[in-house]
Amino acid sequence: MSERRWWKEAVIYQIYPRSFNDSDGDGIGDIKGVTEKLDYFKWLGVDALWLSPVYKSPNDDNGYDISDYYDIMDEFGTMEDMDNLIAEAKKRGIKIIMDMVFNHTSDEHPWFIESRKSKNNKYRDYYVWRDPVDGKEPNDMGSVFSGSAWQFDEKTGQYYLHVFSKKQPDLNWENEKVRKDIAKIVEFWLDKGVEGFRLDVIENIGKIPDDMIVANGPKLHDYIHELYEKGFDSLGTGKDIVTIGECWSANIDIATQYTAPENEELSMVFQFEHVSLDEQKGKAKWDTKPLDLLELKNVLFKWQLEHTKGWNTLFWDNHDLPRIVSHYGNDTTYRVESAKMFATLLHGMKGTPFIYQGEEIGMTNIKFDDISDYRDIETLNMYKERMEQGYEVEDIMKSIYIKSRDNGRTPMQWTSGKNGGFTTSNPWLGVNPNYRDINVESELADENSVLHHYKKLISLRKEEKAFVYGDFRPILVDDKEIVAYYRVYGKDKFLVICNFYGRDRIIEIADFDGTNVNVTEIISNYCDSSTELGKLKLRPYESAIYKIDSIVQ
Ligand code: TEU
């Protein structure tokens with residue numbers, strides 16, 4: 001059995017502060033806005049809040065371009081607000097997890113301002129500089145946000161590397177001074193009382209640009225282990241923190257390397273195989289294909305069954321992804337049922353569940369008519385690039401509606417009032433007009449809402465350790481419409497069963513034959529679910545968890 005740790009038993013809630021709650025009426029969410037909602041989290045039962053970056057930033061990539069790791073973005077408030085949030089959260093038993101962007105900084109960070117001044121500046125080697133080759137970029141490395149990953153800098157006649165935007169120059173981790181300065185940042189935030197870090201694209205820090213290697217470079221794990229020794233070794237220091245790496249290209253072996261406890265690296269990693277199954281291999285994320293449920297089951301079950309030496313993260317949504325009800329589910333007729341089905345499927349599995357703001361009320365993707373209403377740099381750069389390449393506007397917008405990161409970034413819908421209660425002025429990004437029907441206020445008042453369903457699932461994990469530490473045993477693996485599995489822990493046995501589509505199904509389950517077992521429904525997304533002997537009838541998107549007790553003769 002895996003060792004007990006608080007972060008295995010926790011449910012973590014991700015906040016994208018810009019879109020969460022605006023306390024001062026400037027149209028942008030802020031830290032005080034998060035503090036105002038702490039009692040909401042307490043009610044919901046989440047254990048920790050992961051805050052997307054709140055540090056000083058010119059916001060080319062909404063805070064993922066940091067210009068000062070030791071200070072707070074003006075629009076979000078002050079360090080005093082941050083200290084207050086940490087203290088108020090602690091009073092309620094809620095931990096704060098900071099998002100750390102260590103692969104790159106902003107080009108407005110003092111290190112880069114210095115670095116670009118001259119070739120012999122003492123910060124030159126904090127970043128990756130290369131000479132032109134035949135008067136052009138050093139090689140063909142591309143940026144995740146379109147175009148080349150190299151930017152020419154007139155002043156010194158060299159190119160610098162930026163795997164993301166031009167305003168996000170990559171740090172050079174081969175430089176020991178960089179690593180020391182990063183460790184200091186970790187220490188500073190640990191001293192403030194935060195209890196974990198989410199590490200942005202940490203897989204990129206071992207990059208070898210000359211060989212066009214970005215993720216999983218040869219020294220990656222040495223660097224992470226070094227950080228572990230200098231700060232993440234939470235048990236050693238008595239600070240029992242959690243570390244979560246964002247690792248897009250992790251397979252099971254790589255994830256194991258990061259998370260097997262004896263390797264002393266990270267607590268867990270985000271891998272994205274299950275949420276990228278609508279993408280075509282070798283093509284841009286914008287060129288999608290329909291989801292094949294068997295493929296999804298295969299991926300989910302593989303991580304459950306084979307990633308056993310380390311710990312899994314469980315998530316559907318984040319600030320880079322479309323909303324799950326729109327992405328893989330049904331965001332019209334069966335929005336409520338499918339949102340609950342995804343929640344049940346996920347929270348029943350083994351790993352730490354992450355809830356992204358708004359997921360708990362079943363928020364959906366957005367369709368703005370005009371590109372000028374979008375704010376995400378990745379979306380805007382892709383639009384420009386594809387327009388230049390001659391794509392039809394209609395086709396570009398279609399892929400934006402499916403995959404744009406702004407789908408997950410529209411403001412949190414709190415009430416049916418103006419701007420969904422997010423702000424009193426103009427929101428920085430449009431509120432989804434469906435806030436009149438989909439909002440926290442109305443879901444709090446409705447026992448059958450998606451929100452109450454999340455609350456029940458969170459408390460179920462607290463009550464039944466089978467969901468945390470129990471074995472995972474999939475069934476009906478070849479069924480093209482149903483996802484089902486058992487969680488077994490000592491004498492405790494639970495069945496999680498989900499109808500993934502809008503068609504009625506009748507399923508035969510041996511455990512339901514009524515002879516040697518008592519079957520009790522623990523949670524369901526229909527209020528009147530019923531089972532017949534030996535048969536389980538599942539309506540559209542119906543999902544449920546049953547407790548199965550053997551009858552001792
Ligand atoms: O994301 C890493 C990353 O690779 C994403 O940009 C991803 O490829 C893309 O969103 C898929 O559409 C992290 C952050 O989560 C993201 O918000 C930042 O933009 C990025 O790093 C750069 O810091």
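This is a predicted model: local features need pLDDT of at least 70, side-chain atom pairs count only at pLDDT 80 or more; totals for chains, interfaces and linings use all residues.
Good morning. Of the 553 residues in this chain, 60% are buried.

Let me begin with the overall fold. The chain contains 17 helices and 21 strands. Its radius of gyration is 24 Å, close to the 24 Å that the globule rule gives for 553 residues, so the chain is as compact as a globular protein of that length. Along the principal axes, the C-alpha atoms fill a box of roughly 80 × 50 × 45 Å. As for contacts with a separation of 6 or more, 69% of them join residues 24 or more positions apart.

On the H6 side the contact uses Arg179, Lys180, Ile182, Ala183, Val186 and Leu190, and on the H7 side Tyr223, Glu226, Leu227, Lys230, Gly231 and Phe232. By class, the residues of this contact of H6 with H7 divide into seven nonpolar, one polar and four charged.

Helix H7, residues 220-232, also packs on helix H9, residues 252-259, at an angle of about 25 degrees and with the axes 10 Å apart. An angle under 35 degrees counts as roughly parallel, and that makes H7 roughly parallel to H9. H7 passes H9 in a right-handed crossing. Here Leu220, His221 and Ile224 of H7 meet Ile254, Gln257 and Tyr258 of H9. The contact of H7 with H9 has four nonpolar residues, two polar residues and no charged residues.

As a general point on such lists, an α-helix has 3.6 residues a turn, so residues three or four places apart point the same way.

The crossing of H13 and H14 is right-handed. Thr379, Met382, Tyr383, Arg386 and Met387 of H13 make this contact with Val393, Ile396, Met397, Ser399 and Ile400 of H14. Sorted by class, the contact of H13 with H14 has seven nonpolar, two polar and one charged residues.

Tyrosine 69 lies in strand E4, residues 68-72. Its relative accessibility is 1%, so tyrosine 69 counts as buried. Leaving aside residues up to four places away in sequence, tyrosine 69 touches Tyr55, Val101, Phe102, His104, Thr105, His109, Trp111, Ile185 and Trp189. The C-alpha atom of tyrosine 69 is separated by 37 Å from that of phenylalanine 467, a residue 398 positions away along the chain.

Leucine 346 counts as buried, at 1% relative accessibility. With residues up to four places away in sequence not counted, leucine 346 touches Leu314, Phe315, Trp316 and Phe354. Between the C-alpha atoms of leucine 346 and asparagine 419, which are 73 residues apart along the chain, the separation is 30 Å.

Asparagine 62 has a positive phi of about 45 degrees although it is not a glycine. This asparagine 62 sits in the loop between strand E3, residues 55-56, and E4. Is asparagine 62 buried or exposed? Asparagine 62 is buried, with a relative accessible area of 12%.

Aspartate 134 likewise has a positive phi, near 50 degrees, and is a residue other than glycine. Aspartate 134 is found in the loop between strand E6, residues 129-130, and strand E7, residues 150-153. Aspartate 134 is exposed, with a relative accessible area of 73%.

That concludes the presentation. Thank you for your attention.

How values were computed: Residues are numbered from 1 along each chain as its sequence is written. Side-chain values use heavy atoms; hydrogens and water are left out. Axes are lines fitted to C-alpha atoms, for helices over the stretch in contact, and angles run from 0 to 180 degrees between N-to-C directions. Helices (H or I, at least four residues) and strands (E, at least two) are DSSP runs, numbered from the N terminus. Angles under 35 degrees count as roughly parallel, over 145 as roughly antiparallel, 65 to 115 as roughly perpendicular and the rest as oblique. A crossing is left-handed if the near helix is turned anticlockwise from the far one by less than a right angle, and right-handed if clockwise. Contact means heavy atoms within 4.5 Å. Ala, Val, Leu, Ile, Met, Phe, Trp, Tyr, Cys and Pro count as nonpolar, Asp, Glu, Lys and Arg as charged, and the others, Gly among them, as polar. The radius of gyration is taken over C-alpha atoms; the globule rule is 2.2 Å times the number of residues to the power 0.38. Buried means under 20% relative accessible area, exposed over 50%, partly exposed in between (1.4 Å probe, protein chains only).
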